[in-house]
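Here is a friendly walk through a two-chain model. Have the viewer open as you read, and turn the view whenever a chain is discussed.

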Amino acid sequence: MSLAAIKQYEMPRSERNLYLSFILIGFAHLMVGLFLGFMQGMQHAGIDLYRVIPIVRHYYQGLTIHGVFNVLVFTTFFIAGFLLFVTSTSLKKPINLRLGWITFCVMTIGLLLTDYAVFTNQASVLYTAYSPLEAHWTFYLGLALVVVGTWLQLLIVGRMVLQWRKENPGQRTPLLAFGALATLLMWGLASIPLAVLFVGILLPWSLDLIPGVDVLFNRTLFWMSGHPLVYFWLLPAYLSWYFMLPKQVGGKLFSEPLARLAFLLFIPLSLPVGFHHQYVDPGVAEGYKYIHFILTFAVFMPSVMTAFTVLASLETGGRARGGKGLLGWVTKLPWNDPSVTAQLLAMVLFALGGISGLINASYNMNLVVHNTLFVPGHFHLTVGTAVAMTFMGIVYWLVPHLTGRRLFSAKMGVVQAWLWFIGMTIMSRGMSWAGMLGAPRRTALGSAPYFMDEWVLPSWFTAIGGVILTISGFLFFINMLASLWLAPKAEKQVEVPVAEPLIDEGEKMPAWLDRYTVWAGAAVLLVAIAYTPALVKLISDLSMTVPGLKPY
Amino acid sequence: MHIDRYERNWIRFAGGLLVVFVAALTVAAVFLGVRLPGIAEQTIPIAQAGGEYDINKGWIRELAPRRYEVNMRARVWSFEPREIRIPAGSTVTFYIHSDDITHGIKIQNTTVSTMIFPGHVAKVTYTFDKPGEYVFVCHEYCGAGHHFMSGRVIVEE
């Protein structure tokens with residue numbers, strides 16, 4: 001390898017600012033969303049803060065902002081900054097900065113429109129935007145622009161990878177860029193139905209250009225994209241667990257082929273699973289629900305592989321640091337590094353989140369948990385911990401790397417991660433428990449006349465867990481703000497952790513583990529099998545007649 | 001391509017476990033009758049609906065001893081009827097429709113859970129063996145008063 005190739009890529013300031021802007025906007029919105037989550041937890045325990053702190057008019061406006069900001073804005077903006085950053089770092093050249101800033105502007109304009117709609121209580125329809133609940137047109141247009149931004153990222157990263165391959169014939173795409181492209185490609189395919197729904201139906205409907213909607217057709221379009229969306233959040237976290245975290249703990253990537261295979265499997269398997277959100281929808285055939293049930297179990301498999309490979313990679317690190325015995329290596333991991341601690345604890349709760357997700361996906365078992373608090377109990381472990389805390393963990397090295405300053409306080413970061421872990425364990429337990437006892441989700445339970453005695457204790461779990469999470473979030477933001485402006489300049493730039501594979505597969509690595517076309521083709525084929533007859537029926541029965549309503 | 005022996009076994013084990021789960025749930029659906037709402041129910045007209053049994057209203061009627069039919073109407077933010085009295089051991093078929101937007105219904109401590117869409121009729125059947133009060137709630141967000149939307153089935157001795 002030539003010297004030039006080994007040399008670390010020096011990122012120009014304007015490029016670093018682009019990534020930093022994406023990430024900071026994402027986290028600023030998370031901060032607002034988190035505080036509203038705190039108010040919801042208190043409401044469930046009977047403490048109504050909406051009159052005391054009038055930043056929103058009622059529970060459901062707050063809940064809409066909580067959902068939209070935390071899972072749509074925070075995730076998407078962080079992911080934009082992070083994926084573009086890792087692509088540039090691993091291919092050792094700048095992204096197309098002009099296109100990068102255009103992407104930023106498109107997404108930010110979309111975000112401002114969305115912010116306007118939700119803060120003025122003109123879009124309290126929750127993040128799922130189920131029609132015929134109707135929102136202001138700025139809500140639909142704003143979110144559609146954010147999705148367009150993700151397509152522009154696919155364009156940027158896809159072109160860079162193709163260019164790199166031309167310049168490096170016969171070599172495998174570096175892992176980080178490989179994972180970034182797999183993520184963006186999956187989402188690029190998966191987001192098409194959502195774009196059709198928002199731009200083709202909901203936007204003209206909210207402008208009174210079309211009189212009504214077809215409820216079931218819209219739901220089906222939403223969930224065609226809505227479930228792959230969770231893998232769009234998750235894959236960047238996997239990217240860090242597989243290809244970066246092993247280096248941070250002094251280990252190596254245990255199995256490069258299986259890591260690549262897992263990413264590629266997500267391209268086809270993430271897509272044809274939407275009906276598992278519609279198990280109790282009248283009007284969708286049981287047979288199709290059953291097919292999606294089986295396919296949802298199939299998409300569990302790449303995560304099963306991830307569990308093994310990532311743990312084994314961590315073990316190589318723990319043992320290299322002198323860990324002995326069956327579990328002794330765990331204690332040798334660098335638990336004083338907030339980035340590591342945050343991600344390790346995120347994994348622990350993700351194991352539980354994966355299992356509770358399997359319950360949700362379990363066909364007729366869904367009758368018990370559908371639309372109960374069991375579901376948010378599940379996804380606060382997945383997106384709310386596995387994803388969110390991994391992103392926080394990444395930021396603990398990435399922000400110092402981008403600013404050239406030191407992290408303000410590593411100790412505070414470690415405490416923050418543990419508090420999030422403890423708070424989430426308690427809160428999620430409370431939600432799942434109340435859900436098993438029949439408490440509905442998305443409901444201002446504290447004001448519900450039917451509130452049952454046996455929900456009292458679980459609701460207190462939810463509230464107390466929520467308080468701990470809020471404290472954790474507060475510590476995180478203090479640490480971040482101080483790192484941005486107060487922390488001293490670092491003597492040496494923080495390095496980007498890039499894990500080496502444990503075994504160099506060399507020529508033995510099959511070529512199909514570095515190809516995308518065949519996997520994208522498989523995705524299209526699977527979607528066709530899983531959806532075509534259902535969609536044909538929905539379209540032949542299509543009746544866009546139900547008028548909108550804004551009862552909020 | 002090298003795959004570690006332990007990893008291979010782990011993948012097989014997890015895959016096998018999923019197959020067992022699928023089999024168990026399939027048995028529950030096919031042989032124990034724990035079914036999801038399906039396509040057949042969406043537009044079934046209620047037998048002889050009309051007059052006092054207007055399809056657009058909420059009502060209860062006895063078809064035979066311990067055999068009831070309920071036409072339920074959901075709208076922002078109430079169910080009609082909101083109280084249903086039946087003797088223990090009754091099998092009730094619910095036909096549920098919405099007048100306005102999407103709602104949902106969950107009857108506590110039963111397997112009754114379905115979405116309610118304008119333009120569709122959801123059909124669910126359940127046998128209430130144990131006497132007591134079964135609260136039902138709207139379980140899909142339907143606006144600022146969503147948490148007021150509820151009712152109860154009273155199963156008498």
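Predicted model: local features only at pLDDT ≥ 70, side-chain atom pairs only at ≥ 80, totals over all residues.

**Chain B**

Let us begin with the secondary structure. Chain B has one helix and 10 strands. Along the principal axes, the C-alpha atoms of chain B fill a box of roughly 75 × 35 × 30 Å.

How much of chain B counts as buried? The share is 34% of its 157 residues. As for contacts in chain B with a separation of 6 or more, 56% of them join residues 24 or more positions apart.

**Where the chains meet**

Chain A brings 54 residues to the contact, and chain B brings 52 residues. On the side of chain A that touches chain B, the elements giving two or more residues are these helices:

| Helix of chain A | Residue range |
|---|---|
| α8 | residues 215-243 |
| α10 | residues 256-269 |
| α11 | residues 286-298 |
| α12 | residues 300-320 |

Of the elements, α12(A) supplies the largest share of this side, with five residues. By residue type, the side of chain A that touches chain B divides into 37 nonpolar, 11 polar and six charged residues.

Notes
Residues numbered from 1 in each chain as written. Chains lettered and ligands numbered in written order. Contact = placed C-beta atoms within 7 Å. Helix = DSSP H or I, 4+ residues; strand = E, 2+ residues; numbered from the N terminus. Nonpolar A, V, L, I, M, F, W, Y, C, P; charged D, E, K, R; others polar. Buried ≥ 20, exposed ≤ 12 C-beta atoms within 10 Å, placed from the backbone.
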